[in-house]
Amino acid sequence: MAGIEVSALHKRYPDGTVAVDHVDLSIGDGELFVMLGPSGCGKTTTLRAIAGLERQTTGDIRIGNTLVNDLPPAERDIAMVFQFYALYPHLRTRDNLAFPLRAEGLPKAEVRERVDEVARLMRLAPLLDRRPRRLSGGEQQRVALARALVRRPQAFLMDEPLTNLDAELRADMRTEIKHLQGELGTTMVYVTHDQVEAMSLGHRIAILNKGRVEQIGTPLEVYERPASLFCAAFIGSPPINLIEVEVADGKLRSQGGLVLTPPPGLPRDRCLVAGVRPEALEVTEPGAERSVPARVASAEWLGDEIIYVVDHGGQRDVRVRMPPTGRFAADAAVGLRHTGGTPAVYDVSTEELVA
Amino acid sequence: MAVSVDEAVSAGPVRDHTPPARRRGGRGRSVLEVALLAVLAVVMLFPVLWMIQTSIKENRDVYAIPAKFFDFQVTMDHFKDVFVASGGGRSALSVSFLNSVVVAGASTVLATVLGVPAAWAYSRFAVKAKKDQLFFILSTRFMPPVVVVIPIFLMYRQVGLIDTKLGLILIYAAYNLPFTIWMMKGFVDEVPAEYEDAAMLDGYTRLQAFRRFTLPLLVPGIAATAVFALIFSWNEFVFAIFLTSSDDVRTAPPAIAGLIGGTTVDWGLVAAASVVFALPVLVFAYLVRKHLVAGVTLGAVRR
């Protein structure tokens, strides 16, 4: 087992596309590290560079203490799980699992032992004699995972492994992957565009955008204090409210009169935007204490919660997450109140967190 | 991979649930369809039937007026004449058939051996100006052969490829290569690149991964593409008639055409030679009919 160091990674394709602009990552030994971002942000290219499937234009990659820049994928002692599983179609499950071991040239007895062991771990025994086309999507992905496990590599690389599964199965597999990684304690780099997956799996999350790292942090840090407007908008569903504010009398005031507690060390004379999560706001009866007048544009009743979309003082589409008690109809005049702590504040021009 | 015709067309007309009036209308329509198709089939197949008939008629029946459709003497003499010269030994026609086999076969193999790796590379790698390169490759097929036959003739005369089988093989391979690359690229695109990635992580080089995992999955596509190339080379006439002159090099199409134009034309021989010439193409097309449809409809259905 080993950590992975990526420094100043840059990947430019011959046709001129820059897939990765500049990425530095320091992934700890035994960590479940998630790379999250929209498609085209460079997360998969970074992962493939770590795997050795792409050669970076510049920058260094270390696995453990070894500089692996010039090592072919097979010599990096890593295993990868792909979105399309990539099980060899002409081989039965048993042979698919044994394949990497045979390629390494392990003796037959040991190959069988390790295949049986991983089949037990992943509960694949009934599937061992089937070919991939006779497996369901979830079964194929379990076999693909098992094929990665069987090699006992220094690190696992996961390239959107759950994207092709249906929602229910995805949740199950997520739990299973997290559990396995915890049991084995092997370093895992996990690429996804799904924020729920990232939040629930990752020890730490790196948010990538346009070939650069926007933020690295624990799920909580990433959620509570997004490092940039991009991160703020990317994480959270319903999305964060970005409310234009100005500093007055030691308070943050929005155009509609909403008052927020300012974080310390706020610069003056700049256009600022406060990121307010939907659960940090509250819809009240009109005229309630500390509330500002607002109007309900729509209400989505989701069973366990209600998402109100309200307009207030020129600011449209403010989302508020409320418990399902207390209903306000669409178009009703209501009050809007901030109940959360100090919000994260961003500079509009740099799009970075200022305080 | 694209669907075959059997899967693409729904199985038969809709039954049962339609009301009687509609159903009779449907039956009327299907009768009309069958009738029209029958007429079309007769029109399309008549020349073929006439060719086959002529090839097995005695010469006096070939020239009989009115034409004899049924009550003629069946003979295999014309087919014998195709292969055996009048004085015994091999006929010039049989040599030209052998030439056709060699030229079409070799040029197809050459185009496939060069085209499949090229298609793989274009499918898998980010190549500079990939689209422009692919368009350029395709553009060499825009011209009809007859436009370039004179320059090719002059070039061939300079390098001594005139009237050689090698010359024909090279020009057919060159003509088939763009087509092979384009069609194979479609097939390679359908095979997930992850197989190769996984194999590389398992310890194979990129080329080994291609050979061991992608290539076997491409075999149906290669077969279909090769048959297209084979049929083109087999049927090709313009280059063959301009670039070859002697009987030991000439392929079948110009050789058959050469039978016509003397003072008397032995139509029985022409017909028999044409039947022999058409058979291999029919057989090949039949063998890979599923893939031919796949090739034609490639890209019509997106994953």
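Mentor: Before we start, residues count from 1 along each chain as its sequence is written, and chains are lettered from A in the order in which they are written. As the model is predicted, local features need pLDDT of at least 70 and side-chain atom pairs pLDDT 80 or more, while totals for chains, interfaces and linings use all residues.

Trainee: How many residues of α4(A) are buried?

Mentor: Helices here are DSSP runs (H or I, at least four residues), numbered from the N terminus. α4 of chain A covers residues 137-149. Buried means 20 or more other C-beta atoms, placed from the backbone, within 10 Å of a residue's own. The helix is mostly covered, and of its 13 residues the buried ones number 11.

Trainee: Which helix gives the most to the side of chain B that touches chain A?

Mentor: Contact means C-beta atoms, placed from the backbone, within 7 Å. By that test, 15 residues of chain B meet 17 residues of chain A. With 6 residues, the top contributor on chain B's side is helix α9.

Trainee: What separates the centres of domain 1 and domain 2 of chain A?

Mentor: Domain bounds come from an automatic or database assignment, which puts domain 1 at 4-233 and domain 2 at 238-347. Their contact takes 5 residues from domain 1 of chain A and 7 from domain 2 of chain A. Taken over C-alpha atoms, the separation of the two centres is 39 Å.

Notes
Helix = DSSP H or I, 4+ residues; strand = E, 2+ residues; numbered from the N terminus. Expected span 1.5 Å × (residues − 1). Buried ≥ 20, exposed ≤ 12 C-beta atoms within 10 Å, placed from the backbone. Contact = placed C-beta atoms within 7 Å.
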